[in-house]
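Here is a friendly tour of one protein structure, taken one topic at a time. Have a look at the sequence and the 3D view before reading on.

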Amino acid sequence: MTTLDGLLPGIVDAHVHYFHPTRSAWTLARFARLAAFPARRLMPPPVVRMVTSFGRREGMMNGLDPSIVGAPYEPAQYAVDAASVVSVAGVPITSVVQVESHWTPTNGPESLMASSFEELQYLCGLPHRRNTPSLGATVIAADPRYPEFAGELDRHLAYSESVRGVRFKWARHPDPAISDWCDEPDVLASTGFLKGFEALAERGLVFVSFAYSHQLGQLDMLARRFPDTTIAIEHLGLPIGVFGPVGTQTGTTAAVRAEILGLWRERMAMIAMRPNVVVKVSGLGLGLLGYGRERSGNIGSRDVLADMMGPLLLHVVDHFGPDRVMFGSDSPVDRPNAPIAMTVGALLDVLGGRGDHLLQQLFAKNAQRIYRIEP
């Protein structure tokens, strides 16, 4: 059985969400979940679908299990979830990249930037003690279209030297039951976005892209325009419905799922030609991929996860190579379907035969380089 013992002193988890239900956007989410229906009517539909569904299946289809919303998830809780990794990998998780937790769409670029700074203040106050993984870097939420984007970036950077990247959720889907995260269909080509992106590029920040797989062609254009800026594709490019039905009309038949997979393979191979694009090997347990209707999805075990994700993982590694992939647990979002140890074990099972260099890069060294984390 492949482990990382002797290869690395520890794993860098490049995608962790810390939050508290009484802080930032979570206040609204928790209130709506506990309140009567009239209160929930005040929330936009994407928020209702993401965090207030009383039906677990509906929540999982949109990528977030409602059961994780009501309690804090901070370094102490993450350390508990990560503790079992050492028994699987032979080494512990020693460092994390904390990624913004604005899982509820906001009311525009200005409100996003304001709440992003509040969240950064909260994140910087979290205790990273000896018995928890250290903080390697922070990725903030931001919308480059905001007219004062450059100034807001400088404010964030002045407040915390841990800020290494900007996450922009521009995902849009034709299925009305799958959440849209952006109000503009071709946002990456808009004048406002490109002007803001120049400010991001000038500051040497990583652009973290949250979009669905059918949108990757637009990202290719951006990568060509800014070849010196690192662009990180989240969650293997999010081929929604590749394993089963989600929403109301996505992944409903084997033929449709084959088409989703084929398009994803084509787009990922195309964008892999841009050397400034990297891939987060994360989100392996997201319900949006189309896992089953059982309480535990249709994963249930490390072996099943490895079998299902294997073709996607190998395709990414084959095209991007060992130096442009990095592991992220997506904790706690993936936990109901794929706890951290299960995800790490499945990755070792699928990729262990590809050599020590790949494992070292995937599980630590690429994240250290990309996010400028001290080893």
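Is Leu263 buried, partly exposed or exposed? Keep in mind that this is a predicted model. Leu263 has a relative accessible area of 30%, so it counts as partly exposed, because that class lies between the 20% limit for buried and the 50% limit for exposed.

**Around Leu263**
- You can find Leu263 in helix α11, which covers residues 254–271.
- Leu216 lies 47 residues away from Leu263 along the chain, and the C-alpha atoms of the two are 9.9 Å apart.

- Strand β4 (residues 163–169) runs parallel to β5, and five bridges join the two.
- Opposite Val208 of β5 stands Arg167.

**Where two helices cross**
- Helix α12 (residues 302–320) and helix α13 (residues 340–351) have axes that come within 8 Å and cross at roughly 55°, which makes α12 oblique to α13.
- The crossing of α12 past α13 is right-handed.
- Residues of α12 in this contact include Leu305, Leu313 and Val317, and those of α13 include Met342, Leu347 and Val350.
- Sorted by class, the contact between α12 and α13 has ten nonpolar, three polar and three charged residues.

Terms used. Residues are numbered from 1 along each chain as its sequence is written. This is a predicted model: local features need pLDDT of at least 70, side-chain atom pairs count only at pLDDT 80 or more; totals for chains, interfaces and linings use all residues. Side-chain values use heavy atoms; hydrogens and water are left out. Axes are lines fitted to C-alpha atoms, for helices over the stretch in contact, and angles run from 0 to 180 degrees between N-to-C directions. Helices (H or I, at least four residues) and strands (E, at least two) are DSSP runs, numbered from the N terminus. Angles under 35 degrees count as roughly parallel, over 145 as roughly antiparallel, 65 to 115 as roughly perpendicular and the rest as oblique. A crossing is left-handed if the near helix is turned anticlockwise from the far one by less than a right angle, and right-handed if clockwise. Contact means heavy atoms within 4.5 Å. Ala, Val, Leu, Ile, Met, Phe, Trp, Tyr, Cys and Pro count as nonpolar, Asp, Glu, Lys and Arg as charged, and the others, Gly among them, as polar. Buried means under 20% relative accessible area, exposed over 50%, partly exposed in between (1.4 Å probe, protein chains only). Two strands pair if DSSP finds at least two bridges between them.
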